[in-house]
Amino acid sequence: AMMVPLLLADGIMGGAGAAIWMSLPGVLVTCGITYMLFLAGTISAQCNGVPALVNAISFGEGTEVARSHTVDYISNSGAGFYVFGMRLTLVTVVKFMYVWCVVVVGLMARLGPEQ
């Protein structure tokens, strides 16, 4: 994940260009991890609709109480992906990417060529 800022810093500092080809696997891994985080956030967001779906299903006469308990259980279970005890949603993924971009820009400004 640190290859992207280092690659950008090398490009700004006028590197030989060989570092671009050497760091290509790191860039691809970073893009894959980003895509995986967005997918996990999307799945966590879709889990919010499961209680409404179960509540809309009719199981026959006399099952309203059991269905209500099931919907309450699903709502209180908080299904989704968790990272370090925090639910991974699209909002948290976008915030992480924003902070990561700030770090990259800060490194580029710090390691850039002196003028």
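Contact here means heavy atoms within 4.5 Å. By that test, Leu37 touches Leu88, Val93 and Phe96, leaving out residues up to four places away in sequence. The model is predicted. Leu37 belongs to the largest nonpolar core, and Leu37 also lines the largest pocket.

**Nonpolar core**

- Five residues form the largest nonpolar core: Leu37, Ala40, Leu88, Val93 and Met97.
- Helix H3 (24-46) and helix H6 (90-111) are the elements that give two or more residues to this core.
- In soluble globular proteins, nonpolar side chains tend to be buried together.

**Largest pocket**

- The volume of the largest pocket is about 170 Å³.
- Strand E2 (86-87) and H6 are the elements that give two or more residues to its lining.
- H6 supplies the largest share of that lining, with three residues.
- The lining residues are Leu37, Val83, Phe84, Met86, Arg87, Leu88, Thr92, Val93 and Phe96.
- Sorted by class, the lining holds seven nonpolar residues, one polar residue and one charged residue.
- Leu37, Leu88 and Val93 are among the lining residues, and these three are also among the members of the largest nonpolar core.

**Thr34 in helix H3**

- Thr34 sits in helix H3.
- Its relative accessible area is 17%, and buried means under 20%, so Thr34 counts as buried.
- The Thr34 side chain reaches the backbone oxygen of Thr30 at 2.9 Å.

**Leu90 in helix H6**

- Leu90 lies in helix H6.
- Leu90 is partly exposed because its relative accessibility is 34%, which falls between the 20% and 50% limits.
- Apart from neighbours within four places in sequence, Leu90 is in contact with Phe38, Gly41 and Thr42.
- Leu90 and Leu37 are 53 residues apart along the chain, and their C-alpha atoms are separated by 8.4 Å.

**Phe84 in a loop**

- Phe84 is in the loop between strand E1 (82-83) and E2.
- Phe84 is exposed because its relative accessible area is 87%, and the limit for exposed is over 50%.
- Phe84 is also one of the residues lining the largest pocket.
- Phe84 has a positive phi of about 55 degrees, although it is not a glycine.
- Most residues other than glycine have a negative phi.

Methods: Residues numbered from 1 in each chain as written. Predicted model: local features only at pLDDT ≥ 70, side-chain atom pairs only at ≥ 80, totals over all residues. Heavy atoms only, no water. Core = buried A, V, L, I, M, F, W, Y, C linked by side-chain atoms within 4.5 Å. Buried < 20%, exposed > 50% of the residue type's maximum accessible area, 1.4 Å probe, protein only. Helix = DSSP H or I, 4+ residues; strand = E, 2+ residues; numbered from the N terminus. Polar contact = N/O pair within 3.5 Å; in protein donor to acceptor, adjacent residues only side chain to side chain. 1 Å grid on protein atoms, 1.4 Å probe; cavity = no way out; pocket = protein on both sides within 12 Å on 5 of 7 lines; lining within 4 Å. Points joined across faces, edges and corners; volume = space filled by probe spheres on them. Nonpolar A, V, L, I, M, F, W, Y, C, P; charged D, E, K, R; others polar.
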